[in-house]
Amino acid sequence: MLKVENIAGGYGQTPVVQAISFEVAPGKILGILGPNGSGKSTLLKLISGTMKPLSGTVYIEGQALPTYKTKQLAQKMAVLPQLHANAFSNTVYDAVALGRYPHQSSFFASWSEEDELAVVRAMRDTGVLKYRDTQMEYLSGGEQQRVFIAQALAQQSQILLLDEPTNHLDIAHQKQILDMIRRSAAEQNMTVVSVFHDINLASLYCDELLLMENGEIRAYGEPHEVVQESRITKVYDAPITTYAHPELPKPQITMLPTIENNMIQQIERSHFEITNDYIQLAVYQPLKVVSSAVHNAGIGWYDTLLNRSIAWDYNIELVGEETLRFLEARQFAPTSTVVMLTAVPTNTVALQMFEAENCSIVVMVTAGVGNSIDVTRAYERNDAPYIGTINTWVIVNGKLSDEAFIQAMITATEAKTKALQEQNIIDANTGTIATGTATDSLLIAATQQGTQLPYAGPITELGKLIGHGVFETTVQAINNYIENKTKG
């Protein structure tokens, strides 16, 4: 257990760090964050004992730091400072072996198999074993950084202090080193305290975070408690937004740069192109899109939207590979194009623009309702999956919040369902009013320019526009589909 109690200190009699207190349990990682000059490295020096505090105490296993002898402390605590200076030339092996010094009665005279295994393991875990006999001066800055991390790990101390351990490392080696530190903390019950420059890395790998500003604690707790948009923006004096990591329950941040954009994009009905193969919207500035498309589903920024017409016997199991071939053959960029599929001809499309005082939308719907279902009775069905698709696009000229995107999806879905009721579309299996089809797809896109639109519920201006627009356009698309079937 590492305990820091009301520590204060700095250079001379001027305290850079003031009244800092925290505890870190064995097996846990604490990340120290803060802008340049906030006192992060000074705090680490006070914890390690390389700088004498003006007040307060550091405890290791309940014992005050000053009561430890130098070698005894080195057995308890390993330190990786931010900067390293090579006073003399060493091989990588010799540099890492220095980490075993605290365990020697007389250096190298008592070198043991345990020492050798610790050095080799540390070199292997940090990816520098292949440089074993290489002189340190011949390594890059990132490679040298990994050697010094290996040296600290070879020390096999109960507490590991790190000052920006991933400095100079590419993303592959950042992951390798931090994965290894995370694993070592868990397997060896080691306490780790590390200064981080990268907030996202700290959030991913640390159990707790300590955010500093002007030598004081601004926040202390689990990553989700510390990495909050308003707090980070204030402490760093830089606008950011936070979002959830896609795989882990950890917050991440994105910087919001100030970029002047004098080209205001307004999407209109005339911007859509309808061919026999697809309905296309291509724009000169990417739209922010949320969709359930077959290609590039989810959230992203895209400059091309395609609603593609396919044969009724299309092999959906190969949709990924086939869609890529389709896009590449027609010179669409796969990374900036969203693709939906429909089994109805493109000439059945309904496409309309709707305007209100502060916003406008364009709605596109293709409605293949021949195999509609009542979702409330779908549990009764045992038939194999089949084609039947209502594809809905809502393109908003305005700036939507995350909440508005989700509300827009709800409002659009409710309006589509009402249109099916109005047109008396029946689930042939149950004889009840259908609510949709087996493979409905929805896309909400916004220019993210102009009017701020924080909400899209049914009583808001945007919500009213979406509700009315999707209903009217879906009704028209259903009639177009039925008329086409009648002619066919």
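Trainee: How many cavities of 30 Å³ or more does a search of the whole structure find?

Mentor: A search of the whole structure, which is a predicted model, finds two cavities of 30 Å³ or more.

Trainee: What volume does the largest cavity have?

Mentor: The volume of the largest cavity is about 150 Å³. It is lined by 16 residues, and R121, L153, A154, Q156 and Q188 are the closest to its centre.

Trainee: Which elements give two or more residues to that lining?

Mentor: They are helix 4, helix 5, strand 7 (159–163) and helix 6 (171–187). Helix 4 provides the largest share, four residues.

Trainee: And how does the lining of the largest cavity divide by class?

Mentor: Ten of the lining residues are nonpolar, four are polar and two are charged.

Trainee: Let us stay with helix 4. How many residues has it, and what distance does it reach from its first C-alpha to its last?

Mentor: Helix 4 covers residues 113–125, which makes 13 residues. From first C-alpha to last it reaches 18 Å, close to the 18 Å expected at 1.5 Å a residue.

Trainee: Which of its residues are buried?

Mentor: In helix 4, the buried residues are D115, A118, V119, A122 and M123. Seen down the axis of helix 4, these buried residues fall within an arc of 125°, so they line one face of the helix.

Trainee: Why would residues three or four places apart point the same way?

Mentor: An α-helix has 3.6 residues a turn, so residues at that spacing point the same way.

Trainee: Which residues are exposed on the other side of helix 4?

Mentor: E113, E114 and L117 are exposed there.

Trainee: What covers the buried residues of helix 4?

Mentor: The cover includes helix 3 (92–97) and helix 5 (141–154). As for what comes after helix 4, it is followed by G127, which has a positive phi near 75°.

Trainee: Q331 is not a glycine either; what is its phi?

Mentor: Q331 has a positive phi of about 60°. This residue sits in the loop between helix 10 (319–329) and strand 16 (337–342). Q331 counts as exposed, at 76% relative accessibility.

Trainee: Now the second largest cavity. What space lies in it, and which residues line it?

Mentor: About 40 Å³ of space lies in the second largest cavity. Its lining consists of I29, L162, P165, L178, I181, V192, S194, F196 and Y205. Helix 6 and strand 8 (191–195) are the elements that give two or more residues to this lining. By class, eight of the lining residues are nonpolar, one is polar and none is charged.

Trainee: And the largest pocket: what space lies there, and how many residues line it?

Mentor: The largest pocket holds about 1,200 Å³ of space. It is lined by 27 residues, with L256, K288, W301, K399 and Q448 nearest its centre. Two or more lining residues come from each of strand 11 (240–244), strand 14 (278–291), strand 15 (298–309), strand 20 (399–400) and helix 11 (402–422).

Trainee: How do the residues of that lining divide?

Mentor: In the lining of the largest pocket, twelve residues are nonpolar, eleven are polar and four are charged.

Key
Residues are numbered from 1 along each chain as its sequence is written. This is a predicted model: local features need pLDDT of at least 70, side-chain atom pairs count only at pLDDT 80 or more; totals for chains, interfaces and linings use all residues. Side-chain values use heavy atoms; hydrogens and water are left out. On a 1 Å grid over the protein atoms alone, a cavity is a set of points where a 1.4 Å probe fits but cannot get out, and a pocket is an open set with protein on both sides within 12 Å along at least five of seven lines; lining residues have an atom within 4 Å of a point. Grid points are joined across faces, edges and corners, and a volume is the space filled by probe spheres set on the points. Ala, Val, Leu, Ile, Met, Phe, Trp, Tyr, Cys and Pro count as nonpolar, Asp, Glu, Lys and Arg as charged, and the others, Gly among them, as polar. The expected span of a helix is 1.5 Å times one less than its number of residues. Buried means under 20% relative accessible area, exposed over 50%, partly exposed in between (1.4 Å probe, protein chains only). The arc is that of the directions from the helix axis to the C-beta atoms. Contact means heavy atoms within 4.5 Å.
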